[in-house]
Amino acid sequence: MSTSYQNVLERLKEERLARNWSQDQISQKLKMSQSHYSKVELGNRRFTYYEVQDLYDLELDAHYIFTGQKSGIEEEVFFSNCDYRELHFYLHVLAYMAEYFYMVGRSEDWKAVYKELEYIKYVTAPDKTDDNTLFLLRRMLNYSQQTMAEKLGVDIKKVRTMENGESLPDSEILWKLYHFFRIPPAVFTGSQRGMLNAFSCLLNILTKEDREHALEVLQSCHGVITG
């Protein structure tokens, strides 16, 4: 098990203890046995894809658990009434804004956001929401299935079955997709709560002026995709 994934497990425990939940209490919330959960926290097994979805539904910061980034600004208020598909679109818009202001405008204030979203725009385009995200990412990177398998620490058969929709990524694979390519697990799992937290973290990187500008642009898109 990688040291960095161990950090994920430490943050999982941190979030559990912050809410004064015992392992038994959180396992009940996740609809699994206490023994099952304990093995996850110890690193002896992984959360399944569906268990990660359930984790995002709990009253803890799953985005922080996987990324180490805590949200904390109130821009979530605007996005809180948006469904996952809308948030998917806004993430795409923000990625192109970051590319423009950093690559064209040469604004160092946008560099960190650009680096976080460098690959996002290729897998969150409005016409791509029903496509296989892993396949889109691999094609954009010009990776072979073997190369992607080596990157994720799995065999090539696993990559093939995930791209065909025959299997789903577990918690460590989802973490690696963020660690290497900065794509939050919420993009793969369809979590609205996770996307809200991701937005807060991204906007928090910006200066107050740039954050207000970004919000103005994103809010102007609201009527376009809901009308």
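Here are a few exercises on this predicted model, each with a worked solution.

**Exercise 1. Work out what the chain is built from and whether its radius of gyration agrees with that of a compact globule.**

Start with the secondary structure: there are 17 helices and zero strands. Next, take the chain length. For 227 residues, a compact globule would come out near 17 Å, and the chain has 18 Å, so the two agree. The C-alpha trace spans about 50 × 45 × 35 Å along its principal axes. Now look inside: 49% of the 227 residues count as buried. Finally, check the contacts with a separation of 6 or more; 66% of them come from residues 24 or more positions apart.

**Exercise 2. Find how α11 and α12 are oriented to each other, and which residues make the contact.**

Helix α11 covers residues 145-152 and helix α12 covers residues 156-163. Their axes sit 8 Å apart, at an angle of about 105°. Angles of 65 to 115 degrees count as roughly perpendicular, and that is therefore the label for this pair. On the α11 side, the contact uses Gln 145, Gln 146, Met 148, Ala 149 and Leu 152. The α12 side brings Ile 156, Val 159, Arg 160, Met 162 and Glu 163.

**Exercise 3. Describe α10: its start, its buried residues, its neighbours and what comes just after it.**

Begin at the N-terminal end, where Asn 132 is the cap: one of its side-chain oxygens lies 3.1 Å from the backbone nitrogen of Leu 134. Moving along residues 133-141, the buried ones are Thr 133, Leu 134, Leu 136, Leu 137, Arg 138 and Leu 141. Those buried residues pack against α9 (120-123), α11, α12, α13 and α14 (185-189). Just past the helix, Asn 142 has a positive phi of about 60°.

Definitions and conventions:
Residues numbered from 1 in each chain as written. Predicted model: local features only at pLDDT ≥ 70, side-chain atom pairs only at ≥ 80, totals over all residues. Heavy atoms only, no water. Axes fitted to C-alpha atoms, helices over the stretch in contact; angles between N-to-C directions. Helix = DSSP H or I, 4+ residues; strand = E, 2+ residues; numbered from the N terminus. Parallel < 35°, antiparallel > 145°, perpendicular 65-115°, else oblique. Contact = heavy atoms within 4.5 Å. Rg over C-alpha atoms; globule rule 2.2 N^0.38 Å. Buried < 20%, exposed > 50% of the residue type's maximum accessible area, 1.4 Å probe, protein only. Polar contact = N/O pair within 3.5 Å; in protein donor to acceptor, adjacent residues only side chain to side chain.
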